[in-house]
Amino acid sequence: MNIAFSARTDVGRVREQNEDNFLVDRKLQLYVVCDGMGGHQSGEVASATAVNVVRETLLEHRDLLDAYARMTGAIEDDDIRALLVQAVQHASNRIYERGMLNAEQRGMGTTCSLLLIVGMRGFIAHVGDSRVYRWRARQVELLTEDHSLYNAMVQSGANMGEMATVANLKNAVTRAVGVQQSVEVDTRVLRMEAGDRFLLCSDGLSGYLEDGDLERLFTRPTLDEITEQSLALANDRGGKDNITSIVVELPADYSVERATPTPAWDDALRRSWLTHDMSDRERALLVQRMTERSHAAGEVLCEAGAPADKLFFVLSGHLVLGSPTGATRDAGAGAVVGDLALLAGGTHPVRVAASSEGPATTLALGRETVERLMFEQPGLLARLLANMGRRISHRFIAAAEALGEPLWRYVDPGPVAVVARRDSAPPRIRTGSHTQELDAIDLVETDPMGIPPTPDAAPSLAGAPPPLPAAAAEVDDDEVGFGVAQADTLPQLSVSDLLGRSEDTDAMAAFEAAPTKRSEPKDR
């Protein structure tokens, strides 16, 4: 994944030394701008210390960042935000201690604004009056809030008075890294999109920006032109402060691992029973483990008798399910096909194919993936299986009501087979060696896919609950650029109860015997 950037800093037209510092680490995807304060080279020391300590802290926790990017551990957005706060706090403590050891540097500090890109998320940590802007869909958005006396007074509705007073207030920051041992850090999580551009800059640039300037800068054809023009703009308008500019651009094909849900996908998944009560991140974690498949019109996904090792979530188009008796059912967008077969194992009792009227797109979730979730994402697995168990219960209750025998809702009848008759003979339910005859009703052959019967397939059951399903079987130097100047969890579930047994009894027994990890709530 090639994320482009350009970075420049300049002393300006008035200052004798550059107290700004910036950092670009291409492997960490970390971009930092720090504007030092304190004079007599103390500001330069503070800003240089900040960029180095922040990077060091993140490198020490590289495993946490990697786990979040892979979406294979119980790492949440708040964990990354907490890590960034910790990194800035470490920098503040280091700068403060250094100032205490050197009287000439006592009281020095720095602003710190950074962007960290991890997977499909961007994280901002911010202290002071440096800024981070985003350019998306030809619109500029300021992503940070100035920690300055001027901004505080504007927000309070105060009358700003004379321009000379305003200029002095703009230079007075209310938060800085290193002035005290700790500092309050603003953090923010961003959803990243292909083509996004970000500008990180010190107030030596942002203080000169006027309406329309950023739009003109962001539309420059290259990133180098943006940084060059931004420095020239600030210098042409006075250059009273040091100027630093970093521009970051996500490529047009920006993606991580498997496809990330589009808004249409996300809406369909959000409304599906399969992801009921899942958070946005849990839904994303599940999708990352599903495989997107495109099917031509009439393409067969699985034949009757094929191993029942996956379920399909229909994203677009239609799937047609056909039983050996000729009965068919249609599964449109949002339908879940094969969930019962996945849990029960064995083989599919029906044929599943894309409709002959047009192509279809599905997300497939395999049995092996479900089993791996037990160790990688136990909380997500518990929620997924709870949703599947709830859905199965609803079908079982509806089937019991259709058969007119409520006792079936409360006892396990053992191995069950439903014999459907279309003649005058009453249907029979065989339980072990016992055969019970029920009142004659017109049943249709069913399958474990859970798709409601079409009126054509079962005219006598249209509008009634679905019938009972049939039994189914370290960073290199050249990678770094320096510039001088909640967990909520479900109760533990029995995987063996919900997941059932496959024909591979040895493998399944080992899976069920493995220890189950549990997600513990975090203290915030």
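Modeller: Buried means under 20% relative accessible area and exposed over 50%, with partly exposed in between, for a 1.4 Å probe and protein chains only. The model is predicted: local features need pLDDT of at least 70 and side-chain atom pairs pLDDT 80 or more, while totals for chains, interfaces and linings use all residues. Residues are numbered from 1 along each chain as its sequence is written, and side-chain values use heavy atoms, without hydrogens and water.

Biologist: Why is aspartate 213 called buried?

Modeller: Its relative accessible area is 3%. The limit is under 20%, so aspartate 213 counts as buried.

Biologist: Where is aspartate 213 placed, and which residues does aspartate 213 touch?

Modeller: Aspartate 213 lies in helix H7, residues 213-218. Helices (H or I, at least four residues) and strands (E, at least two) are DSSP runs, numbered from the N terminus. Setting aside residues up to four places away in sequence, aspartate 213 is in contact (heavy atoms within 4.5 Å) with Tyr208, Leu233 and Arg237.

Biologist: What makes the pair of aspartate 213 and arginine 216 a polar contact?

Modeller: A polar contact is a pair of N or O atoms within 3.5 Å; within protein, one must be able to donate a hydrogen and the other to accept it, and residues adjacent in sequence count only if both atoms are side-chain atoms. The side chains of aspartate 213 and arginine 216 make such a contact at 2.8 Å.

Biologist: Alanine 176 is in the loop between helix H5 (163-170) and strand E9 (186-191). Is alanine 176 buried or exposed?

Modeller: Buried, because its relative accessibility is 10%. Apart from neighbours within four places in sequence, alanine 176 contacts Met37, Thr110, Val127 and Val183. The C-alpha atom of alanine 176 is also 9.1 Å from that of methionine 108, although 68 residues separate the two along the chain.

Biologist: How do you know that alanine 137 and arginine 138 are exposed?

Modeller: Alanine 137 has a relative accessible area of 68%, so it is exposed. Arginine 138 has 62%, and therefore counts as exposed. Alanine 137 sits in the loop between strand E7 (131-136) and strand E8 (139-142), and arginine 138 is found in the loop between E7 and E8 too.

Biologist: What is phi in these two residues?

Modeller: Most residues other than glycine have a negative phi. Alanine 137 has a positive phi of about 50 degrees, and phi of arginine 138 is positive as well, near 60 degrees.

Biologist: What makes helix H10 (residues 280-288) largely enclosed?

Modeller: Eight of its nine residues are buried, so the rest of the structure largely encloses H10. Among them are Arg281, Glu282, Arg283 and Ala284.

Biologist: Why is H10 called roughly perpendicular to helix H13 (residues 378-403)?

Modeller: Their axes come within 11 Å and cross at roughly 90 degrees. Angles of 65 to 115 degrees count as roughly perpendicular (under 35 is roughly parallel, over 145 roughly antiparallel, the rest oblique), so H10 is roughly perpendicular to H13. Axes are lines fitted to C-alpha atoms, for helices over the stretch in contact, with angles from 0 to 180 degrees between N-to-C directions.

Biologist: Which residues meet there, and of what class?

Modeller: Glu282, Leu285 and Leu286 of H10 meet Leu380, Arg383 and Leu384 of H13. Four are nonpolar, none polar and two charged. Ala, Val, Leu, Ile, Met, Phe, Trp, Tyr, Cys and Pro count as nonpolar, Asp, Glu, Lys and Arg as charged, and the others, Gly among them, as polar.

Biologist: How do helix H1 (residues 42-60) and helix H2 (residues 62-70) pack?

Modeller: At an angle of about 65 degrees, with axes 4 Å apart. That makes H1 roughly perpendicular to H2. Leu58, Leu59 and Glu60 of H1 contact Arg62, Asp63 and Leu65 of H2.

Biologist: How do you know that strand E15 (residues 319-322) pairs with strand E16 (residues 328-331)?

Modeller: Two strands pair if DSSP finds at least two bridges between them. Four bridges join E15 to E16, and the strands run antiparallel. Leucine 321 stands opposite arginine 329 in E16. The two strands form a hairpin with five residues between them, and glycine 326 in the turn has a positive phi of about 100 degrees. Four bridges also join E15 to strand E18 (residues 351-354), again antiparallel.
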